[in-house]
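Student: I'm new to this structure and would like to learn how to read it. Could you walk me through a few features?

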2 protein chains.
Amino acid sequence: MFRLLFTAGSVLFSSLLFAQSDTVMIRKIADEILVNSKAYSNLHTLTKTVGPRLSGSAQTYKAEQWGVQTLKNSGADKVYLQECKIPHWVRGGKDEARLIAKGKETPLNVIALGNSVSTGQKGITAPVVLIQSFAELESRKGELKGKIVFYNYKFNVKLVNTFKAYSDAVPYRVDGASRAAKYGAVATIVRSMSHSTDNDPHTGAMVYNDTFPKVPTFAIGLWDADKLASAIQENGAVNVYLKTNAHALPDTVGYNVIGELTGTEFPNEYIMVGGHLDSWDPAEGAHDDGAGCVHSIEVLRALKAIGYKPRHTIRVVLFTDEENASGGSTKYLQAATHEKHLLALESDAGGFTPRAFRVNIESDKLEKMRQWVPLLQEYGVYEILSGSGGADVDSLKIKLGIPAGELLPDSQRYFDYHHAAGDVFEHVNKRELELGAVNMAALIYLVDKYGL
Amino acid sequence: MFRLLFTAGSVLFSSLLFAQSDTVMIRKIADEILVNSKAYSNLHTLTKTVGPRLSGSAQTYKAEQWGVQTLKNSGADKVYLQECKIPHWVRGGKDEARLIAKGKETPLNVIALGNSVSTGQKGITAPVVLIQSFAELESRKGELKGKIVFYNYKFNVKLVNTFKAYSDAVPYRVDGASRAAKYGAVATIVRSMSHSTDNDPHTGAMVYNDTFPKVPTFAIGLWDADKLASAIQENGAVNVYLKTNAHALPDTVGYNVIGELTGTEFPNEYIMVGGHLDSWDPAEGAHDDGAGCVHSIEVLRALKAIGYKPRHTIRVVLFTDEENASGGSTKYLQAATHEKHLLALESDAGGFTPRAFRVNIESDKLEKMRQWVPLLQEYGVYEILSGSGGADVDSLKIKLGIPAGELLPDSQRYFDYHHAAGDVFEHVNKRELELGAVNMAALIYLVDKYGL
C-alpha cells in the first residue's frame, strides 16, 4: 500500500489509502474494455434485432433470450431467469391528435402515456384548457368539466443536472390525468419532459388515482406544445381531437435475466450490477436502458477476460419491467432478503461519458468509497455523491440496508432522447459507452477487494 | 467575502477565498446563457449559410462578414478587422483512390491532406508499402523508391484523453510525406487520426520539408485502411491509384474579426477570448471551430445582456487561418506586443460538455485560478490543469508571457468528426455547447474582477 498525497492548487487530499496494484489492475480493466469491448456490438444487436421492449411484448421475451445468450458468451459461470409478475399494457396502433381552430385541422405530434386508457375508436374532441401548473389547475377547477387539460409546464433549462429538471416536471406526466379528471376533464395532454430541439413526443409511465375516472392522457412534442399554447392564447379556446387505442391486457410474467461470476472466497456474498431490459416503444431503448444492460454485461465480460477471480460473486441483473411497474426490482428485492449483498450498482442514466457515482449508503462507507476517486478520475468519474441509488436498486437500501449506487454519466443529451423516437443506437457513442463500463468495473473490483 | 470550507469525503478544500456575490453573478451568467443563448442559432447560421471555410476561399470572407455582423448584434462596443497574410491552398475537386489487386479495382475513401501537391491529371499508380511506424520506415528505406508509402499507425484507443492519441499519431500526417519522399516514395497515404466507427477520411495540415521532393499525400478512412492493410498482407504488394488536383495559389489576405466590450476602469487592458473562423472543407467546421467562435461571441453577448460592465476590455477574436498556417495568430501576436493582456482564452476542442480548463501560466497564478474551481463545478468544469494554452494563443505566453488558456470539453466524440465529413451542425448538442460558453464567461468574469 502507499499513501498518495495529492495537491491541486490549495486543494489538499489527505492520506488516501489504496494499493499501487489497484492502479495497475484498473488500467488493465480499462485497456480490456477500450480495446476489446463488446458493449457497443451487444447494444447494436439488442437495439437492431430485438428493438423496443415494452413490458409483456413479444420483444421482451426475445430480449431475455438475448440476455441469456450474451451473458453466456461473456463468460458467466451461471445464467438463469427469475420470474416476475409484470403488467401488459399495449399501445394498440398509432396515437393521433389534431388541433381544430378557425375551421382548420392541423396534426399534432402526440403519444399516449404508458398506462393510459383508450379514447375509444371515435376518439375525443373537446375544447382545450391551457394550464401552466397544478396551482393554476386548482384555481381554475370550475372550468374543466368536459374539457381537455393541457399541462404546458416547461422543463427547467436552468438546471444543469437535467435529471433535476425531469424530477421537477414529471408529476405533470404521472399525476396530471387524475388531478384533472377529479374536476371533470375528459383527457389530458402534457408537454414532453425534454429540452430537445425537435418535435418528438416523450412517453413514460403515468399512474391513475382510482378515486377518479380514468381519462386518456398524452404527451405532446415541444414545437406542437408551443403551437397549441399559442393557438389557445390567440383564440381563447380551441378544440383538439385525440385518439389512442391504448389499453391494459391481463398481467403476465416476465423475467429478470441473471448471470454470475462465482466468488472464490465468498460465493454466497453478492456484488450486484444491473440495468433494465424493458424499454418504451417509440424507439429502441438504446440509452434507456440498453446502455445499462450492456454496461453490466461488459463488467462481467471484462473481469473474466483479464482472468480476474472475484472474491465475492459478481451478479449481473437485467431487470424486467422497470418502466411500467417495477415488477423486476420488486421480485429481486423479495429474493434478496435471504442473501448478503455488498453493493447493488445500477446504470440507468444513459451511455454517455461518466462523471460520477451516486450512492445510498452510510456515511462511513461513503467516506471509504470516496478515497477511491483518484483511481477513477483518469476514466471520467471525479466524485461520488450521496443520494438515491437508482430506480431498480434503491429499495434494496431502503428495505434491506444494502448499499445501492448508480452511475451518473453526463446528463446533457439524455432527455433529448428519453422515451422518444430519438433513443436509438445511432445516438450512442462507442467510447462514451465503454467508459461507463470501465468505471463500473473499476468500482466493483474495489468493492470486491476492500469490501464496504 | 466568505470562507468556504468544503468537505467531500476525506477530501478537504482549505480556505477558498471568493465572494458570495460571485456565486450569484455566475448563476446569473449561466441563466442568461441557458435560457437566451444565441450560440446554437449563431452556429446554425455559420455552418448552414456559410459552410466550410478553407483559408482563402470565398466562404472565409463570407464568414468574416458573418462574424462582424454577429458581434455587432451581440452588443460589441467596437468591431473591426485585423489583416493577416494567409496561404491559399485549394483542393481542386474530389480526390480519388482505387485499390488494384488480383485484376480488380476497388474504390478507397481518401482525401488529400491540406498543403498537398497535385498528382497531376493522370494520377499516380504505384505499388504500396505498408509501414506501421517511422522506425519501420527507416529500417525499410531501401524498398521505397517509386512506391506509395501507407502509414497505418493506429490511433491509441487506450488513451482516455483523445487529444493525447491525436498528438501521438499526428506526426505521420504532418511529416510522413517528406520522410518517405527522402527515400524515393512517390506518394503517401496515412491512416485517419480517429477512432470513429465510420469510413470517413480525416484531412488536416501537412508540412513539406523543402530538402526533399514534394509528393502528394492523402488520408484514408479507417475501414479502407484496414482493407488496404489486409490486401497488402495477403498479396505481398498491391497497386493503388491516387488522384488529387490539390495545389497552392499565391498567398492572400484574411482577417481576424475582433469585437470588444470596452473596460470601464482599464480600457487598454485586455482579456481575450477566441476561436478560429476557418475550417477544413469536408464538412461545416461545426465543432472545429464554429463552436469556439460562437462560444466566444456568446461570452460577450451574455455579459452585455445582463448589464455587466467589465473593468478591463473583453476582446473576442475570431482568428483566421488556424488550420493551414496560423496566419491569424501570428498577426495577433505581433499586434499584442504593444498591448497589455490579462489572459488569452481559447475554445478549439469542440462544443461538448466542459470538464476543465488548461492554462499556460506561472504556478502562483495557477493556484489563484484553482481557487475558483468550486464556483465552476456546478457548470461542468471541475479542474484547471497546467499545460499548453491552445493553438492560437499559446505563442502569446511563449513570446509575450501572457497567460494563455483553453477550454477542455469532454473529448470522446471530437475525433469522430475532426476534419471529416461528420463535423456538421447536427453533431453539436445545444446544451453542451451552451455550457462551454457558461464556463468561459464565468472564468472571464473572475479574471476581470480579481485579476491574474
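Student: Which domains does the assignment give for chain A?

Tutor: Keep in mind that this is a predicted model. In chain A, the assignment gives domain 1, made of 2-89 + 251-450, and domain 2, covering 92-245. Taken over C-alpha atoms, the centres of domain 1 and domain 2 of chain A are separated by 34 Å.

Student: How many residues does the contact take from each domain of chain A?

Tutor: Domain 1 of chain A gives 15 residues to the contact, and domain 2 of chain A gives 17 residues. On the domain 1 side, helix 13 (residues 414-417) of chain A supplies the largest share, three residues. Sorted by class, that side of domain 1 of chain A has seven nonpolar, six polar and two charged residues.

Student: Thanks! Now, how should I read a pair of packed helices?

Tutor: Two packed helices are described by the angle between their axes and the distance between the axes. Take helix 1 (residues 20-36) and helix 8 (residues 286-305) of chain B: their axes come within 9 Å and cross at roughly 115°. That makes helix 1 of chain B roughly perpendicular to helix 8 of chain B. The crossing of helix 1 of chain B past helix 8 of chain B is right-handed.

Student: Which residues of helix 1 and helix 8 of chain B make the contact?

Tutor: From helix 1 of chain B come I29(B), E32(B), I33(B) and N36(B), while helix 8 of chain B brings E298(B), A302(B) and A305(B). The residues of this contact between helix 1 and helix 8 of chain B divide into four nonpolar, one polar and two charged.

Note on methods
Residues are numbered from 1 along each chain as its sequence is written. Chains are lettered from A and ligands numbered from 1 in the order in which they are written. This is a predicted model: local features need pLDDT of at least 70, side-chain atom pairs count only at pLDDT 80 or more; totals for chains, interfaces and linings use all residues. Axes are lines fitted to C-alpha atoms, for helices over the stretch in contact, and angles run from 0 to 180 degrees between N-to-C directions. Helices (H or I, at least four residues) and strands (E, at least two) are DSSP runs, numbered from the N terminus. Angles under 35 degrees count as roughly parallel, over 145 as roughly antiparallel, 65 to 115 as roughly perpendicular and the rest as oblique. A crossing is left-handed if the near helix is turned anticlockwise from the far one by less than a right angle, and right-handed if clockwise. Two residues are in contact if their C-beta atoms, placed from the backbone, lie within 7 Å. Ala, Val, Leu, Ile, Met, Phe, Trp, Tyr, Cys and Pro count as nonpolar, Asp, Glu, Lys and Arg as charged, and the others, Gly among them, as polar. Domain bounds come from an automatic or database domain assignment.
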